[in-house]
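This report covers aromatic pairs, nonpolar cores and a sheet. Please look over the sequence and the structure before reading on.

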Amino acid sequence: MKEVFEGIAKAASRIADALAHDDTGYSDNKNSTGDVQLKLDIRSDYIVEEELSRIPTVHALASEEQEQISPIRTGGEYLVGYDPLDGSSLADVNLSVGSIFGIYENSFVGANLAAAVYVVYGPRIEMVTAYKHNVELWRQDRSGEFKFVQILRLKDQGKLVAPGGTQQFWYPHHKKLVDDMFAEGYRLRYSGGMVPDLHQILIKGGGLFSYPGTTDKSKGKIRMVFESMPFAKVFEMAGGLALNDEAGRLLDSVPEGHHDTSPCFFGSKNEVLRAMRAYGNKLD
Ligand code: AHG
Ligand code: MN
Ligand code: MN
């Protein structure tokens, strides 16, 4: 696994350089979800594929930006599902963006996630790894090397709410959940990039990030293999919860296709359980 993390670290340094210096405009292409790709989406995807295909333990790669799974070699124990540049619509306004990696064994189902990693490209470049027993924060130093900073743990309750999805299309019970939380003093923290938004909740110790099913998109927008299952690994291992709108663990998800999406709720225990009650789910 160490060599996979090293490949991710190399890719991250190159993506950070592209973000700092390259054109932030759109390309002429669409990805399989129908999003128009930025030149930076394509460049980041190329960088990740180039770096990870060199790693002997990588068997195959699946990218948010590519329709098909790329077989890399016959050997190798890991299948890496990745979003090379999450929140890329924020690149032109110079807000933080990220990369997300799920490192799977055998198939792209939540139960087979051996590790998850994300990188935040902000004023500092930080990497969070969820592997074995700990969620760890790493930060790039002046020489470009990632140095261990601390273990991350969520509290049982936080103060932040990051409510995704277009409000016009929220279901009434979802709107009530968010309104009630604001009425109780929770603060809005939503940038439109799930990496910095979830990173903020994790670093500040808790809160709720939701990207629900809506009247226009019943399964939401967040892709399971590249986005929500890797973050579910991070949030559960940090002592929080990551559930869908039926109170099922995102880590129990079995996507039918590797681009499938699902509603998702991440955060500290109290807030996620409260969201489940607002959705009428029976909890044990
Ligand atoms: P991507 O840039 O990879 O397409 O994903 C962006 C995702 C996620 O980062 C964010 O939380 C969500 O889209 C924002 O969606 P809205 O614009 O609907 O809030
Ligand atoms: Mn994304
Ligand atoms: Mn993306």
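Tyr-131 counts as partly exposed, since its relative accessibility is 28%; buried means under 20% relative accessible area, exposed over 50%, and partly exposed in between, with a 1.4 Å probe and protein chains only. This is a predicted model, in which local features need pLDDT of at least 70, side-chain atom pairs count only at pLDDT 80 or more, and totals for chains, interfaces and linings use all residues. Residues are numbered from 1 along each chain as its sequence is written, chains are lettered from A and ligands numbered from 1 in the order in which they are written, and side-chain values use heavy atoms, leaving out hydrogens and water.

## Aromatic pairs

Rings of Phe, Tyr and Trp (its six-membered ring) pair if their centres lie within 6.5 Å; planes under 30 degrees apart count as stacked, over 60 as edge-to-face and the rest as tilted.

| Pair | Centre distance | Plane angle | Class |
|---|---|---|---|
| Phe-5 and Tyr-131 | 5.7 Å | 80 degrees | edge-to-face |
| Tyr-104 and Phe-108 | 5.1 Å | 70 degrees | edge-to-face |

Phe-5 lies in helix 1 (residues 2–21) and Tyr-131 in strand 8 (residues 125–131), so their pair ties together parts 126 residues apart in sequence. Helices (H or I, at least four residues) and strands (E, at least two) are DSSP runs, numbered from the N terminus. Phe-5 is buried at 16% relative accessible area. Tyr-104 is buried at 0%, and Phe-108 is buried at 10%. One aromatic cluster is formed by Tyr-118, Phe-209, Phe-231, Phe-235 and Phe-266.

## Nonpolar cores

A nonpolar core is a set of buried Ala, Val, Leu, Ile, Met, Phe, Trp, Tyr and Cys residues joined through side-chain atoms within 4.5 Å. The largest has 41 residues, and Leu-202, Phe-231, Val-234, Phe-235 and Phe-266 have the most contacts inside it. Helix 5 (residues 224–237) gives the most to this core, nine residues. A second, separate core of 36 residues includes Met-1, Ala-16, Tyr-78 and Ala-115.

Five strands form an open sheet of mixed pairing, in the order 12-11-13-15-14; two strands pair if DSSP finds at least two bridges between them. Strand 12 (187–188) and strand 14 (241–243) are the edge strands, each pairing on one side only. Strand 11 (residues 160–163) and strand 13 (residues 207–211) run parallel and are joined by four bridges. Within strand 13, Gly-207 is the bridge partner of Leu-160.
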